[in-house]
Amino acid sequence: MTTATDTLAVRCTGIHKSFGEGEARVHVLRGTDFDARTGEMTFLVGPSGCGKTTLISVLGAILSCDDGEVDVLGHDLRALSSGKLADFRLANLGFIFQQFNLLPALSATENASIPLVARGESVKAAETSAREMLESLGMGDQVHKMPAQLSGGQQQRVAIARALVHSPRILICDEPTASLDAATGNTVMGLLRDAALAGDRSVIIVTHDNRIFDFADRIHHMADGVITHIESPDSSREDAP
Amino acid sequence: MYRVALRMLLGDKTKCLGLVFGVAFSTLLVCQQMSIFFGLLGRASSVVNDVREADIWVMDPSVKTIDVPYPLRALELPRVRGVEGVAWAVPFFKATVQVRTHQGMLENAIILGIDDASLVGVPDAFVVGSIDDLAEPDAIAVNPAGFRLLFPGEELDVGRELELNDSRAKIVAIVDAAPAFAANLTIYTRYSLATQYTNNGRNQLSFILAKSADGTPPEVVAERIAARTGLKSVTSQQLRRESIMYVLANTGIPVSFGTVVILGAIIGVAIVGLTFNQFVMENIKQYAALKAIGVRNVKLLFMTLGQAAFVGVIGYGIGLGIAALFFSTVPKKSDALRGFYLLPEVAVGVAILAAVIVILSTLISMRRVLTVDPATVFRG
Ligand SMILES: Nc1ncnc2c1ncn2[C@@H]1O[C@H](COP(=O)(O)OP(=O)(O)OP(=O)(O)O)[C@@H](O)[C@H]1O
Ligand SMILES: [Mg+2]
């Protein structure tokens, strides 16, 4: 039996999330629905403060929501303990952050090998895989360098390697190109698409950067904590006169 | 992941050095002070230790420490000898005396007078000469530390003369007695000469040294002597303990050393704990990133513990090494610290202190690691 949900990696329905108490309470997610398919790049765009980061934190098993359903790869995240959520992230998710968040004392290879080491693989095997991943991202001659010796684009490639080295089913990126210039941003997006989609992954990207919208399969537009509309660039181009 | 934790720690060289230094400093300070403390306590009983042949000491009932004897009547000696289970009993004289060299050097000395006939009570540790030389007229033996005090810079040798209360005395032997608590110079001589040197008259008996007969426990014989003579009679073991307790109860030593040791421990915990906490705080984004990737809290906790344990072990090693170096060199050169050494018990005790520092540091910083919200990695 094949249904539309078979290809859904993420399905969130009616998510509510607020921060703070009493007067200071901010209701950020207000019954948000969101889904992402495998083999696709799903963009999440919208004005600053509308709740994009909050939403991907919830579906990234990092933040718990107040109400609604969060189904990721068939798991009900709300039913998992914090330890199980950590295991779930390590097993299924890869993250890329705007600030890269590399460990400054570790070389490119060591940084990229962390998820495998955390899974209990031997350091040697983990670093071999990390090096191969870096090479595939065009970082073959930078593998021994420390983050401080790398440019922003190179650091983000190390971060991509770290996010993909353990072959996660879903890749979650928050503003991956915001710290990069346009050309580097394009290169990084190209690499992301090739590397990420190769494994029949679902890639979710939060961005402000309309220069990279062309890479999207579907774009979720968000405002004030809800998805206002979903756009498919290819079809919209087809629809264009 | 411990490798990752270690690299994180080594990545911050300044803090890493500060942490290692903190543990090393604490270890060294506490090791050193505790060893000197126990060394000093040992001196409180060194006179007892050096009388190896006897196992029972008899004294006036009012005597609390070997350093303050009270004279016994001469007739007590035959009474003690008459107690059942006493193999032999000899007189032992102990007093302080002023000593002058021909060069004009003036020192306080402990003078120990041993039985003229048996010469019992001198440690069997002659550096120069032998016990038989003490039978000569005006013969005395001194300890090496005392000799160096009287004749600075000269080779240990016999033949020199001293003045003890205007009487002539001749050094015929050098005996390696343990340094005593009250003075660095210890003089051994015959009982008859000792009473003469101190102008105490003939029958000034400080202690009676006795030996229990084979097969009778010294405790039993000591009790029997006490019951029969009304004197205080204890085994060497008991007297050693009493003399140490006397120093503990009646001098400022435990308080002053205790203060330094406690300060050392507190400074260690404070420096290391706070520096480690700062290290964790400054690297909190890294812990958050690891958490977001999916490293469990328990694992992060053990990583932090591993980091603290690393500085703990290295710091302890360095501190202990320096302390060991100190005690293997300085006491050989300095008579003030002679016979002091790094006790294994102290090394173990300080290892426990280092472990406490490590655990407290981890506990102080743990909360931050455990509570940091992995979602912060998404924020600038
Ligand atoms: N931990 C928190 N505590 C309190 N308020 C929070 C917290 N996290 C987010 N918020 C608030 O929730 C709202 C949405 O934040 P969020 O980071 O999801 O927005 P965003 O769409 O990602 O914005 P940007 O494009 O600027 O990154 C903001 O008003 C923010 O101040
Ligand atoms: Mg955001």
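Mentor: Buried area is the accessible area (1.4 Å probe) that two parts lose on being put together, summed over both. This is a predicted model, in which local features need pLDDT of at least 70, side-chain atom pairs count only at pLDDT 80 or more, and totals for chains, interfaces and linings use all residues. Residues are numbered from 1 along each chain as written, chains are lettered from A and ligands numbered from 1 in written order, and side-chain values use heavy atoms, without hydrogens and water.

Trainee: How much area do chain A and chain B bury between them?

Mentor: Contact (heavy atoms within 4.5 Å) links 30 residues of chain A with 24 residues of chain B. Of the area that the two chains bury between them, 64% lies on carbon and sulfur atoms, and the total is about 2,300 Å².

Trainee: Which residue of chain B does Glu127(A) meet in a salt bridge?

Mentor: The rule for a salt bridge (a side-chain nitrogen of Lys or Arg within 4 Å of a carboxyl oxygen of Asp or Glu) finds four across the interface of chain A and chain B. One that joins the two chains has its N and O atoms 3.1 Å apart, and in it the side chain of Glu127(A) meets that of Arg3(B).

Trainee: Which element gives the largest share of the side of chain A that touches chain B?

Mentor: Helices here are DSSP runs (H or I, at least four residues), and strands are runs of E of at least two, numbered from the N terminus. The elements of chain A that give two or more residues to this side are H1 (52–59), H2 (82–92), H3 (108–118) and H4 (123–136). The largest share, six residues, comes from H2(A).

Trainee: Why is the site of ligand 1 shared between chains?

Mentor: A residue counts as near the ligand if one of its heavy atoms lies within 4 Å. The residues around ligand 1 include Phe19(A), Lys52(A) and His208(A), and also Arg379(B). The site is therefore shared, because the residues that surround ligand 1 come from chains A and B.

Trainee: Which residue places a polar side-chain atom 2.4 Å from an oxygen atom of ligand 1?

Mentor: Backbone N or O atoms lie 3.3 Å from a ligand oxygen in the case of Cys50(A) and 3.0 Å in the case of Gly51(A). The polar side-chain atom at 2.4 Å belongs to Ser48(A).

Trainee: How many residues apart in sequence are the parts that Glu40(A) and Arg218(A) tie together?

Mentor: Among the 23 salt bridges over all chains, Glu40(A) pairs with Arg218(A), with the closest N and O atoms 3.3 Å apart. Glu40(A) lies in the loop between strands E2 (26–37) and E3 (41–45) of chain A, whereas Arg218(A) lies in strand E9 (residues 218–223) of chain A, so the separation in sequence is 178 residues.

Technical notes. A polar contact is a pair of N or O atoms within 3.5 Å; within protein, one must be able to donate a hydrogen and the other to accept it, and residues adjacent in sequence count only if both atoms are side-chain atoms.
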